[in-house]
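Please open the structure in your viewer and keep the sequence beside it. The stops below say what to select next and what is there.

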Amino acid sequence: MTRPLSGLDGIVIDVETGGLNPKTDALLMLGYIILSDGQPVDEGMFRIAPSLSLQITSPALSVIQWELRKGDRAEWDVLIAFAHVVEAVVWERGKPHVIGHNVDFDVTFVAEAYRRWRQSN
């Protein structure tokens, strides 16, 4: 039986957000798994402290208690760390496949977070 990811080099990403709008809603978590020949070789997950200027519009997530999120990292810190992960993958394997459940949604949220970060620096 052939496995769907057999032989694939790539990065699986998943995000958790405070809503559906990448321009106004918070990016709360960013996770990744690095695949080499279809096998996981590295993984990580970043919890992000939401900026006060961003919203959590999802009713399910609006119950998050901000005190419990104090250990989370600043969005810019996570973006820099994730950029280093992607850079290492590209350096070692060339342009990777980007894989996810709803990858367009996830990539759009990450790209918008980078845009916000670039505009503020």
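Begin by selecting Ile11, which stands opposite Ile34 in strand 2; strands here are DSSP runs of E with at least two residues, helices are runs of H or I with at least four, and both are numbered from the N terminus. What you see is a predicted model, in which local features need pLDDT of at least 70, side-chain atom pairs count only at pLDDT 80 or more, and totals for chains, interfaces and linings use all residues. Residues are numbered from 1 along each chain as its sequence is written, and side-chain values use heavy atoms, with hydrogens and water left out.

Next, show strand 1 and strand 2 together, which run antiparallel and are joined by 8 bridges (strands pair if DSSP finds at least two bridges between them). On moving to strand 3, you will find Ile34 opposite Asp42, and here too 8 bridges join strand 2 to strand 3 in an antiparallel arrangement. In the hairpin of strand 2 and strand 3, with 2 residues between the strands, select Asp37, which takes a positive phi near 55°.

Now colour strand 2 by burial: 7 of its 10 residues are buried, meaning under 20% relative accessible area with a 1.4 Å probe and protein chains only, whereas exposed means over 50% and partly exposed lies in between.

Finally, select Tyr32, whose contacts (heavy atoms within 4.5 Å), leaving aside neighbours within four places in sequence, include Ile11, Phe46, Phe82 and Val85. Turning to helix 2, you can pick out its buried residues, among them Phe109, Val110 and Tyr114; the buried residues of this helix pack against strand 1, strand 2 and helix 1.
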